[in-house]
Amino acid sequence: MRDRRWVIAASLGIVTTWVAAGAQRPQTSLPLDPARERGASITPAYEGWYQNPDGSFSLLIGYYNRNAKEALDIPVGPNNRVEPGGPDQGQPTHFEVGRQWGVFVIKVPKDFGTKALTWTVTANGEAQAVPFTLNKGYPISPFKELGMGNQPPILAFSQGGPKVTGPPTGVSASFAGTMNQPVSMRVWVEDPKAPGDAEAAAARGGPPSVATVSFHKFRGPGKVTFDKPRIPVEKQGDMVSGSATFASPGEYLLRVQANDESGEGGFGFQCCWTNTYVKVTVR
């Protein structure tokens, strides 16, 4: 487990490099600069790597949109690319404001060795690039926090259906809808609580919550509006529902995230939250 202070610094983009985006050098954002409302950059964030049962490795990646009020859509291409082997390796094309944790995974072979991938995002004329390697200082345990034994919430998109937990590895459900008409989504939520969680919640003066589910646009051609962007889950196995309304027809990927009491980014320990994708076809 890495030093927590180092993780927090890295999550804010300190381990990034600035790449010139043209002859006119724009004003460069420093890692701890206060957020501007608009006109700032987007910094990729490397959460770390973990090994898969087949011997391959997964690189867990997020980002930090430094704009306080400007979400951006940047299509895969020169301004949103992963190299080598890209430009498309599953990265988002919609960037919400603020820090977004562990939103996609790149799987690399077990013989990846000392190679590196680099994600470059150019926003508002400023390019930020971060390399991803199997550096010995970057291993993470996203499925179980080693200190307290906490684990991420478990999601299912039908009652008794397949369950997903931890970092995003694929599309968990597909929906269809009509432009400007709400598309309903239901999700069943559990959380394997670590010993002491209930006692800790009681000490804070409230009941132990299961998780909070949130909905996010990941890719798609138009604006998406959620009726309830964040939904608390009060009991194990509860079903919660939300709806999304799409301003344009086309294919969309939405990210569904569940956070337990450890909150966004799991207090910087890269555990324990769950991200997965749902596909929506809009007519």
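Modeller: We shall take the strands and then the cavity. This is a predicted model, in which local features need pLDDT of at least 70, side-chain atom pairs count only at pLDDT 80 or more, and totals for chains, interfaces and linings use all residues. Residues are numbered from 1 along each chain as its sequence is written, and side-chain values use heavy atoms, with hydrogens and water left out.

Colleague: In what order do the strands of the open sheet lie?

Modeller: In a regular strand the side chains alternate between the two faces of the sheet. Here, counting strands as DSSP runs of E with at least two residues, numbered from the N terminus, and calling two strands paired if DSSP finds at least two bridges between them, the five strands follow the order 12-19-18-14-16 with mixed pairing. Strand 12 (171-177) and strand 16 (230-233) form the edges, each pairing on one side only.

Colleague: How many bridges join strand 18 and strand 19?

Modeller: Strand 18 (residues 250-259) and strand 19 (residues 273-282) are joined by ten bridges in the antiparallel sense, and Leu 254 stands opposite Val 278 of strand 19.

Colleague: Which residues line the largest cavity?

Modeller: Rolling a probe the size of a water molecule over the atoms shows where empty space is left. A cavity is a set of points, on a 1 Å grid over the protein atoms alone, where a 1.4 Å probe fits but cannot get out, and lining residues have an atom within 4 Å of a point. The largest cavity is lined by Leu 60, Pro 142, Gly 166, Pro 167, Gln 270, Cys 271 and Trp 273.

Conventions
On a 1 Å grid over the protein atoms alone, a cavity is a set of points where a 1.4 Å probe fits but cannot get out, and a pocket is an open set with protein on both sides within 12 Å along at least five of seven lines; lining residues have an atom within 4 Å of a point. Helices (H or I, at least four residues) and strands (E, at least two) are DSSP runs, numbered from the N terminus.
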